[in-house]
Number of protein chains: 2
Amino acid sequence: MNQDTVSDGIANTNSTPVRFADVLGAADRIRSFVHRTPVLTCAAISERIGCNVFFKCENFQKSGAFKFRGAVNSVAQLSEADLASGVVTHSSGNHAGALALAARIFGAKAHIVMPSNSSEIKKSAVREYGGLITECEPTLASRMSEAARIQSETGAVLIPPFDHPHVIAGQGTAALELIEQVPELDVIVSPIGGGGLMSGTCLAARALRPSMRIVGAEPVGADDAFRSKKAGKFIPQLAPNTVADGLRTSLGQLTWPFIRDEVDEILLADDLETIAAMKFFWERTKVIIEPSCAVPLAAILRHYSEENSAGSRPEVPQNIGIIISGGNVDLQALPWGK
Amino acid sequence: MNQDTVSDGIANTNSTPVRFADVLGAADRIRSFVHRTPVLTCAAISERIGCNVFFKCENFQKSGAFKFRGAVNSVAQLSEADLASGVVTHSSGNHAGALALAARIFGAKAHIVMPSNSSEIKKSAVREYGGLITECEPTLASRMSEAARIQSETGAVLIPPFDHPHVIAGQGTAALELIEQVPELDVIVSPIGGGGLMSGTCLAARALRPSMRIVGAEPVGADDAFRSKKAGKFIPQLAPNTVADGLRTSLGQLTWPFIRDEVDEILLADDLETIAAMKFFWERTKVIIEPSCAVPLAAILRHYSEENSAGSRPEVPQNIGIIISGGNVDLQALPWGK
């Protein structure tokens with residue numbers, strides 16, 4: 001695709017430092033490092049919603065989540081000197097493993113600051129990819145101060161989990177691929193945590209299919225993007241309470257304008273709906289997804305399925321695409337219990 | 001493929017009523033009803049075993065298991081009169097759901113005799129496919145007498161779970177597809193329960209790649225095929241004790257000769273190895289397999305991996321294919337506990 005001939009489509013965010021051309025550049029840059037993940041359909045789910053539902057399986061991505069796209073797009077743009085100093089981030093989730101793996105590919109050290117209460121499975125993923133874990137108190141302040149200390153002591157480059165142009169551009173390649181794989185999508189749905197995946201999705205969808213409806217999904221217990229959009233101003237997420245551990249964060253300075261200006265609608269799901277959707281997906285597709293990407297499925301089920309309509313059922317589109325963000329689940333502690 | 005030009009390759013079982021031509025016939029007959037399931041690889045697993053391991057994902061097959069191939073191949077060959085009388089079987093496992101679905105496709109009633117202690121998830125699959133469940137005592141005698149009663153009362157045709165030429169021919173299409181998808185296989189591995197899948201695998205592998213090594217896998221707690229082969233005579237499986245619920249049965253009259261004459265080797269795995277292999281597979285591939293198909297993976301890991309060699313490590317082939325037989329797991333009762 002010729003970058004020069006494709007309009008950005010983003011009218012209201014000309015000030016954004018990341019554009020569709022950056023997504024295309026990321027796609028070229030990371031092509032040899034990422035999996036072009038498959039798109040899965042499931043008759044039982046499509047039947048229940050009443051249209052074709054396409055799942056872009058980033059749970060099959062390297063490191064088990066879309067996060068690897070943004071991480072490797074960031075690390076690949078570092079100078080030799082930066083790579084020699086290494087990278088640092090703070091994360092209790094999928095960005096930690098993704099950055100450790102991306103750094104290993106480029107021969108760089110990855111310092112990962114993780115809260116002491118991070119799950120053992122996330123820690124062991126980081127270790128396996130050769131990441132150097134520094135434990136900290138489970139507070140944002142402690143995470144940031146530890147990361148800053150490592151930065152100043154080692155010269156490592158901070159690669160934040162979402163609020164960075166290279167990260168957003170990398171995440172946008174997931175939607176770019178999905179739209180290439182299923183051009184006839186009417187609606188595209190991504191979960192919203194920090195907003196990196198959603199921002200990248202907006203860039204790809206607006207440029208390639210301006211009429212496509214862009215839908216975000218959030219847990220009821222961490223609905224900061226929903227509330228921010230409604231209020232027309234950024235509202236941080238305080239005290240999140242949701243099983244969807246990847247969606248507890250606030251939006252960022254770069255991601256909030258995308259949510260505000262480009263996302264058409266944000267749908268919500270509560271944790272019971274999310275857990276039921278996750279189990280339904282496992283049972284029917286035999287594919288493992290984590291709670292954070294069961295949120296979009298649950299929200300779509302709630303929104304479109306007859307059971308939840310109460311007389312106000314919206315018109316069901318023909319083709320919905322959902323980005324399955326990851327599959328890293330602690331199998332010893334499944335949310336539906338024993 | 002021209003059936004006339006392909007030798008059966010089965011030298012010692014000329015008396016068998018099922019031949020490679022029947023597998024080819026089954027493939028044609030069931031093509032529009034079954035999924036051509038994908039073949040999956042996993043770098044972490046291939047690395048651990050030290051060669052390329054290809055998984056034929058019959059867990060993605062309709063009804064969640066390879067059993068649908070044999071069931072639909074059987075039902076498709078019934079006369080109009082037989083279809084009007086319906087079909088009957090006794091099964092606590094995947095054959096139950098598979099036959100119910102196959103019968104529904106052909107507009108036939110499916111009477112499924114299930115032991116009263118069958119798992120709720122298997123029962124609900126049968127119900128969902130429109131099967132008519134008759135509960136019986138959890139003994140083979142009770143299962144058979146109930147099925148016989150239904151046969152005589154309704155005229156329904158008995159479709160047994162494995163010891164039937166049409167069933168074996170249908171199951172053989174899984175290996176047929178795998179060998180088409182990955183022609184360079186050196187070794188093909190199937191689990192052995194009643195032996196239907198393994199017999200079909202022998203037919204396809206011997207005909208298409210006579211030099212391919214055919215390996216069976218069994219749980220230590222239900223190793224009747226292993227013991228039968230060693231003794232050179234059929235030994236029934238009494239008191240099986242294994243988590244691999246699909247592999248607890250004895251061999252059949254039709255399947256035993258294939259095990260005796262065509263299988264090169266049977267490898268064993270104990271339940272702890274099977275559960276560990278199953279969890280490892282889930283974690284690394286994000287794909288759900290049931291214990292019965294973790295047995296081949298566990299057996300291969302035990303056989304080829306360094307950790308289990310104790311100095312007698314066999315030569316590792318270049319390309320191993322494993323048939324993943326199913327993905328129907330009760331997610332409320334996972335074998336690794338909470």
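Where is B:Lys286 found in chain B? B:Lys286 is in the loop between α12 (271-285) and α13 (291-304) of chain B, and we will come back to B:Lys286 below.

## About the model

This is a predicted model, in which local features need pLDDT of at least 70, side-chain atom pairs count only at pLDDT 80 or more, and totals for chains, interfaces and linings use all residues. Residues are numbered from 1 along each chain as its sequence is written, while chains are lettered from A and ligands numbered from 1 in the order in which they are written.

Helices (H or I, at least four residues) and strands (E, at least two) are DSSP runs, numbered from the N terminus.

## How the two chains are related

The contact takes 14 residues from chain A and 14 residues from chain B. On the chain A side there are six nonpolar, four polar and four charged residues; here Ala, Val, Leu, Ile, Met, Phe, Trp, Tyr, Cys and Pro count as nonpolar, Asp, Glu, Lys and Arg as charged, and the others, Gly among them, as polar. Residues are in contact if their C-beta atoms, placed from the backbone, lie within 7 Å. The copies meet through the same surface, because 100% of the interface residues of chain A are also interface residues in chain B.

## A parallel sheet and its helices

Chain B has an open sheet of four strands in the order β5-β4-β3-β6, with parallel pairing. Two strands pair if DSSP finds at least two bridges between them. The edge strands of this sheet are β5 (132-136) and β6 (157-158) of chain B, each pairing on one side only. Strand β4 (residues 110-115) of chain B runs parallel to β5(B), and five bridges join them; B:Val113 stands opposite B:Thr134 in β5(B).

Helix α7 (residues 140-154) of chain B packs on the sheet, touching β3, β4, β5 and β6 of chain B, and makes about 170 degrees with the direction of β3(B). Helix α5 (residues 94-105) of chain B lies across β3 (87-90) and β4 of chain B, at about 170 degrees to β4(B). Axes are lines fitted to C-alpha atoms, for helices over the stretch in contact, and angles run from 0 to 180 degrees between N-to-C directions.

Five of the six residues of strand β2 (residues 52-57) of chain B are buried. A residue is buried if 20 or more other C-beta atoms lie within 10 Å of its own, exposed if 12 or fewer, and partly exposed in between, with C-beta atoms placed from the backbone.

Strand β1 (residues 39-40) of chain B is joined to β2(B) by two bridges, running antiparallel, and B:Val39 stands opposite B:Lys56. Six bridges join β2(B) to strand β10 (residues 319-324) of chain B in parallel, with B:Asn52 opposite B:Asn319.

Now back to B:Lys286, a residue other than glycine whose phi is near 65 degrees. B:Lys286 counts as buried because it has 23 C-beta neighbours inside 10 Å.

A:Ser63, also not a glycine, has a positive phi of about 70 degrees. A:Ser63 is in the loop between β2 (52-57) and α3 (67-75) of chain A, and counts as buried with 25 C-beta neighbours inside 10 Å.

Technical notes: Two residues are in contact if their C-beta atoms, placed from the backbone, lie within 7 Å.
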